[in-house]
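Trainee: Could you give me a close look at one part of this model, namely how its charged side chains pair up, and what sits around them? I would like the cut-offs spelled out as we go.

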Amino acid sequence: PLPDADVENAELDVEIERALGTLDEPYRSIVVLREVEGMAYQEIADALELPLNTMKVYLHRAKRRLREAIAERAPELVP
């Protein structure tokens, strides 16, 4: 990767961490379990004692909120 790409990736990592901190529960936990831990949808639903469809809706909402939060502070990082 080019040095510019490394810098952009580092900036994006910082913005993702910041945006994750703004999410309420269970949104934050769902994103972390899915995107960081790599858990399957059903595993997340079981772990958080949520219906599967509810967990999927929450994940979708959480990702949208993350994109919006990042776009507010660093629009150049969001395609």
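Mentor: Happy to. The model is predicted, so to speak of a local feature requires pLDDT of at least 70, side-chain atom pairs count only at pLDDT 80 or more, and totals for chains, interfaces and linings use all residues. Residues are numbered from 1 along each chain as its sequence is written, and side-chain values use heavy atoms, with hydrogens and water left out.

Glutamate 15 forms a salt bridge with arginine 18, with 3.2 Å between the closest N and O atoms; the term means a side-chain nitrogen of Lys or Arg within 4 Å of a carboxyl oxygen of Asp or Glu. The two residues are three apart in helix H1, so about one helical turn separates glutamate 15 from arginine 18. Arginine 18 is partly exposed at 27%.

What else surrounds glutamate 15? Leaving aside neighbours within four places in sequence, glutamate 15 is in contact (heavy atoms within 4.5 Å) with Ile70, Arg73, Ala74 and Leu77. Leucine 77 belongs to the segment after helix H4 (52-73) and is buried, at 11% relative accessible area.

The structure holds five salt bridges. One of them pairs glutamate 25 with arginine 28, the closest N and O atoms being 3.2 Å apart. Both partners are partly exposed, glutamate 25 at 43% and arginine 28 at 28%. Glutamate 25 is also joined to proline 26 by a cis peptide bond, with omega about 5°, and proline 26 is found in the loop between helix H1 (3-22) and helix H2 (27-36).

Another salt bridge brings together the side chains of lysine 63 and glutamate 35, at 3.1 Å from N to O. This pair links distant parts of the chain, with lysine 63 in helix H4 and glutamate 35 in helix H2, 28 residues apart. Salt bridges with shared partners also join Glu15, Arg18 and Arg73 into one network.

Charge meets an aromatic ring here as well. Arginine 65 lies over the face of tyrosine 27, 4.5 Å from the ring centre; the rule asks for NZ of Lys or CZ of Arg within 6 Å of the ring centre and within 35 degrees of the ring normal.

Rings of Phe, Tyr and Trp (its six-membered ring) pair if their centres lie within 6.5 Å, with planes under 30 degrees apart counted as stacked, over 60 as edge-to-face and the rest as tilted. By this rule the count is one aromatic pair. The ring centres of tyrosine 27 and tyrosine 58 are 5.1 Å apart and their planes stand at 55°, so the pair is tilted. Tyrosine 27 lies in helix H2 and tyrosine 58 in helix H4, so the pair ties together parts that are 31 residues apart in sequence. Tyrosine 27 is buried at 10%, whereas tyrosine 58 is partly exposed at 21%.

Note on methods
Helices (H or I, at least four residues) and strands (E, at least two) are DSSP runs, numbered from the N terminus. Buried means under 20% relative accessible area, exposed over 50%, partly exposed in between (1.4 Å probe, protein chains only).
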